[in-house]
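Trainee: I would like to learn how to read a structure like this one. Please show it and take me through some features.

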Amino acid sequence: LPEAQLDRFMFNITLGYPSYESELQIVKNTTGAFTQQLDKFLHADDILAFQQLVRRVPVVDNVIEYAVQLVHKTRPGSPMASKAADNYLEWGAGPRASQHLIVGAKCNAILNGKYSPDIEDVQAVALPILRHRIVRNFKAEAEGITEENIILGLL
């Protein structure tokens with residue numbers, strides 16, 4: 001997909017190949033006549049309620065500022081650009097990245113039993129949120145600098 005469409009996805013989650021044993025089970029489960037019966041754990045109303053719950057989680061200003069500063073550090077040539085962005089990025093993350101960092105941090109906080117996210121929650125979701133929102137330049141590719149290297153360096 002073009003970068004403009006990739007930006008609409010909240011996370012970029014990388015999946016490796018399954019193990020040999022897992023792949024055997026996948027093939028057995030998907031090539032025969034047996035159909036798996038699934039039990040519903042969540043209904044549409046439950047999902048909507050969880051989405052609203054996340055939106056209501058309060059966030060202190062310094063956490064929002066951290067998320068927005070992190071995104072600004074990815075923008076080459078901007079006043080807040082990091083050295084890595086200026087050296088290795090063609091394009092940085094846009095405003096959706098800041099929004100998703102906060103929503104993702106809220107989810108991470110809730111899943112870890114916290115009432116409000118902190119900077120560590122933003123850092124926990126930064127890699128899958130930023131990975132597909134930055135574009136490396138030729139220098140980064142030539143030197144083997146990955147998106148992950150750049151993001152982790154910013155944290």
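Mentor: Begin with Val27, which lies in helix 2 (residues 20–30). Helices here are DSSP runs of H or I with at least four residues, strands are runs of E with at least two, and both are numbered from the N terminus. This is a predicted model: local features need pLDDT of at least 70, side-chain atom pairs count only at pLDDT 80 or more, and totals for chains, interfaces and linings use all residues. Residues are numbered from 1 along each chain as its sequence is written, and side-chain values use heavy atoms, with hydrogens and water left out.

Trainee: Is Val27 buried or exposed, or in between?

Mentor: Buried means under 20% relative accessible area, exposed over 50%, and partly exposed in between (1.4 Å probe, protein chains only). Val27 has 43% relative accessibility, so Val27 counts as partly exposed.

Trainee: Which residues touch the most other members of the largest nonpolar core?

Mentor: In soluble globular proteins, nonpolar side chains tend to be buried together. A nonpolar core is a set of buried Ala, Val, Leu, Ile, Met, Phe, Trp, Tyr and Cys residues joined through side-chain atoms within 4.5 Å. The largest one here has 26 residues, and Leu70, Leu101, Val122 and Leu130 touch the most other members. Two or more residues of this core come from each of helix 4 (61–72), helix 5 (83–88), helix 6 (95–111), helix 7 (119–130) and helix 9 (147–154).

Trainee: What is Leu101 in contact with?

Mentor: Contact means heavy atoms within 4.5 Å. Leaving aside neighbours within four places in sequence, Leu101 is in contact with Ala67, Leu70, Val71, Val122, Val125, Ala126 and Ile129.

Trainee: How should I read the crossing of helix 4 and helix 6?

Mentor: Axes are lines fitted to C-alpha atoms, for helices over the stretch in contact, and angles run from 0 to 180 degrees between N-to-C directions. The axes of helix 4 and helix 6 come within 9 Å and cross at roughly 140 degrees. That makes the pair oblique; angles under 35 degrees count as roughly parallel, over 145 as roughly antiparallel, 65 to 115 as roughly perpendicular and the rest as oblique.

Trainee: Where is Arg131 found?

Mentor: Arg131 is in the loop between helix 7 and strand 2 (135–136). With a relative accessible area of 13%, Arg131 is buried.
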